[in-house]
Amino acid sequence: MSPVQLAYEQLKAYEGRPTSAPGVGKDLVNEPMIRHWCEAVGDTNPAYRGPDAVAPPTMLQAWTMGGLSGHADRSGAYDELSGLLDGAGYTSIVATDCEQEYLRPLRPGDRITFDSVIESVSECKTTKLGVGHFITTRMDIRADGERAGTHRFRVLKYAPAARLPKTAERSQEAAERPPKTAGQSAKTDQPPPKSDERPAKTADQPAKTGERLTAPQPQALQQPQAPQHPRPRRPRPVINRDNAGFWEGVRGHRLLIQRCTGCRTLRFPWLPGCNTCGSPEWDTVEASGAGTVFSYVVMHHPPFPAFTAPDAPADGTASDGTGSDRTGSDGTGSAPTGPDAVAPDAAGSGTASPYAVGLIELAEGVRMVSNIVGVPYDKVRIGMAVRLEFLRADEELELPVFRVTEGGEG
């Protein structure tokens, strides 16, 4: 069903209206939450510790959140606007961006209050997802009554673009294909034989003296082969001037950690400056490859083609789910087998199973996020000992992953 075109004046009337009733933070700004946040993101800035500690600015929205129980009695104009768009067919929503402005530091003991308004509603826009309206809300956050910051959040409320069924897509592709010329065969798209090249006679056709005979071909072999589509590739990492050295090391099968040349602090991921002393000068240390599982999650998601295992190879070797063999840390190109190898499902479609993503604590003391291989995803445990190896995702891309070592427990 096509969405109903709403009058823009009707939507614009919601601008400036409160999204909900004013809110009060469930907790005062406090040191334990600041500590948990800093440990989770690896931020060791001394400004967030001690008697004069302040909260990290990026925690601004955290103090307004209601947790699993939410905030009661906060319905308002935003719910009305969403209902209006839902009724007109704009039933889907996707977040597009947010921006924050910090006006003063938040300190332990501050009482947080906040209110939010619908700042703007766009005219109807056409996007790849479908047609819809961008809605921007602005939350003003106060600490003990004093303005502390602003949080803007923008979503697209849209009607999903209609997609043709597979059969209709194929019909459309066929209709758009250029017509065959008179010099092409309708079955094979091959040009007809030249005038001085007569086709060979088959055994079920009479042959003249001197003409060669060929055996009749099985019907299956006469059918045109289905086109071979290239396998989708893994998404490329974003490489910029701040992390190019890391990826250069990976290409050489080296895991490089930044080290501040001022205070000698190791840091990961790569950053343009030191979190501890602020120095922009650094060199690198090569990781030994040893580590332990500090934490992990198991990823469950609809299968994406780039992460889907191909059908099992005829020689019985294992697949890593990328369409390429795994390359061990020794660079030999061998494809190790093991319980983590992704095999095709019962239907033979090669759907990838859930997999484990770990926060790995390296022997050098820094932590990094990567895949855990070597055991089934449901056997991964905190404290397991792991070892670095490099996964060849395709002909261009290699990625550092961590294989559980023999014995498993760290």
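Predicted model: local features only at pLDDT ≥ 70, side-chain atom pairs only at ≥ 80, totals over all residues.
The peptide bond leading from phenylalanine 268 to proline 269 is cis, with omega near 5 degrees. Most residues other than glycine have a negative phi, and most peptide bonds are trans. Serine 279 has a relative accessible area of 16% and is therefore buried, the cut-off for that label being under 20%. Once neighbours within four places in sequence are set aside, serine 279 is in contact with Cys260, Gly273 and Cys274.

## The largest nonpolar core

The largest nonpolar core comprises 26 residues, and those with the most contacts inside it are Leu255, Val293, Ile360, Leu362, Ile372 and Phe402. At least two residues of this core come from each of α5 (244–251), β9 (256–260), β13 (355–362), β14 (367–373), β15 (384–392) and β16 (398–409). The most is given by β15, which supplies 4 residues to this core. Apart from this core lies another, of 16 residues, which has Val29, Ile34, Met59 and Met139 among its members. In soluble globular proteins, nonpolar side chains tend to be buried together.

Which residues does valine 293 touch, if those up to four places away in sequence are not counted? They are Leu359, Ile360, Ile372, Val380, Arg381, Ile382, Gly383, Met384 and Val386.

## Strand β15 and its partner β12

Of the 9 residues of β15, 7 are buried, so this strand is largely enclosed by the rest of the structure. Strand β12 (residues 290–299) is joined to β15 by 3 bridges, and the two run antiparallel. Within this pairing, threonine 292 has alanine 385 of β15 as its bridge partner.

At the start of helix α2 (residues 31–41), a side-chain oxygen of asparagine 30 comes to within 2.9 Å of the backbone nitrogen of methionine 33. After α2 comes glycine 42, which has a positive phi, near 75 degrees.

Helix α3 (residues 77–87) has Ala77, Leu81, Ser82 and Leu85 as buried residues. Seen down the axis of α3, these buried residues fall within an arc of 135 degrees, so they line one face of the helix. The elements that cover them include α1 (8–12), β3 (112–121), β5 (130–143) and β6 (146–160). Glycine 89 follows α3, and its phi is positive as well, near 105 degrees.

## Positive phi outside glycine

Aspartate 144, in the loop between β5 and β6, has a positive phi of about 50 degrees. With a relative accessible area of 52%, aspartate 144 is exposed, since that label applies over 50%.

Histidine 253, which is found in the loop between α5 and β9, has a positive phi of about 60 degrees. Its relative accessibility is 22%, and histidine 253 therefore counts as partly exposed.

## The start of the chain and the chain as a whole

Alanine 7 is found in the segment before α1 and counts as partly exposed, at 41% relative accessibility. The C-alpha atoms of alanine 7 and glutamate 123 are separated by 9.1 Å, although these two residues lie 116 residues apart along the chain.

The protein chain contains 5 helices and 16 strands, and 30% of its 410 residues count as buried. Among its contacts between residues at least 6 apart in sequence, 66% join residues at least 24 apart. The accessible surface of the chain comes to about 25,100 Å², and 54% of that surface belongs to carbon and sulfur atoms.

Notes
Residues numbered from 1 in each chain as written. Heavy atoms only, no water. Core = buried A, V, L, I, M, F, W, Y, C linked by side-chain atoms within 4.5 Å. Buried < 20%, exposed > 50% of the residue type's maximum accessible area, 1.4 Å probe, protein only. Contact = heavy atoms within 4.5 Å. Arc of directions from axis to C-beta. Pairing = 2+ DSSP bridges. Areas by Shrake-Rupley, 256 points an atom, 1.4 Å probe, with all protein chains shown as cover. Polar contact = N/O pair within 3.5 Å; in protein donor to acceptor, adjacent residues only side chain to side chain.
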